[in-house]
Amino acid sequence: MTKVEIDEGSGFCFGVVTAIRKAEEELAKGGTLYCLGDIVHNSREVERLKNLGLITIGHEEFEHLHNAKVLLRAHGEPPETYETARRNHIEIIDATCPVVLRLQRKIKQEYDTGNGEGKQIVIYGKNGHAEVLGLVGQTCGRAIVIEKLEEAKKLDFSRSICLYSQTTKSLDEFRLIVQYIKEHIAPNVSFEYYDTICRQVANRIPNIRTFAAAHDLIFFVSGKKSSNGKMLFSECQKVNPNSHLIDNVAEIDESLLHNVRSIGICGATSTPKWLMEEVQRAITDKLEDAGNKSYAN
């Protein structure tokens, strides 16, 4: 009998839970509710909320919207978004994650002191990611975004550096970047760094490694757009090469289910628990069907 287990530590982080709860509460009141960008990087959850009435729009559509109600997702937004809302009489339902909000304020305060002119404000994060756009927006677009250690090596080490991190990035790589800058920064300038990685996310790394190592086969359920999903899936692969990224039930490769004693199902902070349960049921059904066919033969 093959064991099929869901990782209890996987699923929505509290920021995403809050955003989705706010959306559901507003939709229950009736009326039209827009969301600026996908509420979460998971197409199935976006589709579920669309069926409840949530309308996803982009920034261009937002610019031309008036007298409407718009939900801001957990990733946060730059100051210009709030200015547009004020100008266009848009009611904002702000679901920005508190961890992201604190980080935005830190960066804005650093920039507003005037030191932003004399030092490089650097953000370790994914270029173009919704959260990172909101962070860069706190500096009028002047912050430098680096995605990996190799890009950190191109910084100007003759000027002061103030380093922050996107909340869902790898803590290990952040530490490597800090160490590299410490070793190369000029002695007459300053280097300040702030570990702004969300601990609810960072703590999932050792837990997911343990979970992945405990099973013969891993299905990591995540939307393809999720940077957190890519990072956590990579951690699974490090300890269990037989790890496979799937977006939904249709992507389950049945040939992988043969000759394994245990199958683990886990996911990103943007993966709903109901979707992992759906995958578990599908795998269990496929295993039962295969067992019946084998018995019949």
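**Close-up 1. Glu63 in helix H3 of the predicted model**. In this predicted model, Glu63 belongs to helix H3, which covers residues 59-63. With a relative accessibility of 40%, Glu63 is classed as partly exposed. When its neighbours within four places in sequence are left aside, the residues in contact with Glu63 are Thr84, Arg87 and Asn88. Glu8, which is 55 residues from Glu63 along the chain, has its C-alpha atom 41 Å from that of Glu63.

**Close-up 2. The crossing of helices H1 and H2**. Helix H1 (residues 14-28) and helix H2 (residues 43-52) have axes that come within 10 Å of each other and cross at roughly 15°, which means that H1 runs roughly parallel to H2. The crossing of these two helices is left-handed. On the H1 side, Ile20, Glu24 and Leu27 take part in the contact, and they meet Glu45, Arg48, Leu49 and Leu52 of H2. Sorted by class, the residues in this contact of H1 with H2 comprise four nonpolar and three charged residues, with no polar ones.

**Close-up 3. The aromatic pair of Phe220 and Phe233**. Five aromatic pairs are found when the whole structure is searched, and one of them joins Phe220 to Phe233. The ring centres of Phe220 and Phe233 are 5.8 Å apart and the ring planes stand at 45°, so this pair counts as tilted. Because Phe220 lies in strand S10 (residues 217-221) and Phe233 in helix H11 (residues 227-239), the pair ties together parts that are 13 residues apart in sequence. Both Phe220 and Phe233 are buried.

Note on methods: Residues numbered from 1 in each chain as written. Predicted model: local features only at pLDDT ≥ 70, side-chain atom pairs only at ≥ 80, totals over all residues. Heavy atoms only, no water. Helix = DSSP H or I, 4+ residues; strand = E, 2+ residues; numbered from the N terminus. Buried < 20%, exposed > 50% of the residue type's maximum accessible area, 1.4 Å probe, protein only. Contact = heavy atoms within 4.5 Å. Axes fitted to C-alpha atoms, helices over the stretch in contact; angles between N-to-C directions. Parallel < 35°, antiparallel > 145°, perpendicular 65-115°, else oblique. Left-handed = near helix turned anticlockwise from the far one by under 90°. Nonpolar A, V, L, I, M, F, W, Y, C, P; charged D, E, K, R; others polar. Phe/Tyr/Trp six-rings, centres within 6.5 Å; stacked < 30°, edge-to-face > 60°.
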